[in-house]
Each structure stands twice: as structure tokens, then as C-alpha cells.
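Visitor: Please take one part of this model, the pairing of its charged side chains, and look at it closely. I would also like to know how that part sits within the rest of the chain.

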Amino acid sequence: MLSYGKQQEHLPFATKRQPEAFSGLAAHWKERYEMNGTEQKFCQSCGMPMGDGEELYGTNADGSKNEEYCKYCFEKGEFTFKGTMEELIEFCVPNMTAANPGMTKEEARKGMREWFPTLKRWSGQAQ
């Protein structure tokens, strides 16, 4: 059974980018990229921008902050989303299109299918 944990309350990928920005998502978005002169971290599970502080960081089993995964995807040392990459993409499509007016569902899927395999969790590098 598919479980989303707290991720149901979360709008991953709320980036407010224009649809054309997603055409080469995997090529342009990396673990970190330069945004307004600063490096930006992304959750290595859902791809959500992590912001400047630690408030969006997930937690390790010992309660310490985990800089690689957001608090919606990683809690107490475990992933909260128990499905496949494709299931996460399908879960994120409505949130992505809602956060990016003018983006179609297919554009969102295509972008995430390019982007997600580059993320640590889905590239086979996760803990």
C-alpha cells in the first residue's frame, strides 16, 4: 500500500518557475544551483528547494537535522514516502501544476521524470 505520511500536507516543487524552465530540468537543476548569488539546496527525494535555513530539513534517527532531505520526506531517520519514484511523480503533478500556472500535467511529469533520477534517493545513492 502506498503511504505518503506527512507529505500529503506539503506542496513539493512549489517553485513558481515558468513552464519553459522545466524543459531541460535534469540538465539545469542539480543538487545545488546558484540562485540570486547563493547556492540552493534541494531535497534529494522530492526536489523541493530547501531554503536558506534549517526549518525545512528532515531529521535523522537521533533527532539531528538532515541537510539532504526535507522534513516532509524524511523524519526520524526514515523516508515518509514509501512508494516508487513514479508514484511520487504522480503525487506531485497536481502540486506542481498548481504552483506553476500555465504548466500542463504532461510538462510537470516530463520535468520530474528528468529531474528525479538525478536526486540521491532515486539515483540509488540513498543511505
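Guide: Glu-86, Glu-90, Glu-106, Arg-109 and Arg-113 are joined in a network of salt bridges, a salt bridge being a side-chain nitrogen of Lys or Arg within 4 Å of a carboxyl oxygen of Asp or Glu. This is a predicted model, in which local features need pLDDT of at least 70 and side-chain atom pairs count only at pLDDT 80 or more, whereas totals for chains, interfaces and linings use all residues. Residues are numbered from 1 along each chain as its sequence is written, and side-chain values use heavy atoms, with hydrogens and water left out.

Helices (H or I, at least four residues) and strands (E, at least two) are DSSP runs, numbered from the N terminus. Glu-90 has a relative accessibility of 34% and counts as partly exposed, and Arg-113, at 37%, is also partly exposed; buried means under 20% relative accessible area, exposed over 50%, and partly exposed in between (1.4 Å probe, protein chains only).

Over the whole structure, a search finds 8 salt bridges. One of them joins Lys-41 to Glu-67, with the closest N and O atoms 2.4 Å apart, and it spans 26 residues, from strand E2, which holds Lys-41, to strand E4, which holds Glu-67. Lys-41 is buried, with a relative accessible area of 15%, while Glu-67 is partly exposed at 45%. Lys-82, itself partly exposed at 49% relative accessibility, forms a salt bridge with Glu-78, where the closest N and O atoms are 4.0 Å apart.

Helix H2 (residues 85-99) also contains Thr-97, which is buried at a relative accessible area of 18%. Leaving aside neighbours within four places in sequence, Thr-97 is in contact (heavy atoms within 4.5 Å) with Met-103, Thr-104, Lys-105 and Ala-108.

Phe-42 and Trp-115 form an edge-to-face pair, 5.5 Å from centre to centre with 80 degrees between the planes. Phe-42 lies in the loop between strand E2 (38-41) and strand E3 (57-59), and Trp-115 in helix H3 (residues 105-115), so this pair ties together parts that are 73 residues apart in sequence. Phe-42 is buried, with a relative accessible area of 2%, and Trp-115 is buried at 0%.

For Tyr-69 and Phe-79 the ring centres are 4.9 Å apart and the planes stand at 85 degrees, so this pair too is edge-to-face. Ring pairs link Tyr-69, Phe-74 and Phe-79 into a cluster. The charged end of Arg-121 sits over the ring of Phe-79, 3.9 Å from its centre, where the rule asks for NZ of Lys or CZ of Arg within 6 Å of the ring centre and within 35 degrees of the ring normal.

As for the setting, the protein chain has 3 helices and 6 strands, in the order α-β-β-β-β-β-β-α-α along the sequence, and 43% of its 127 residues count as buried.

Note on methods:
Phe/Tyr/Trp six-rings, centres within 6.5 Å; stacked < 30°, edge-to-face > 60°.
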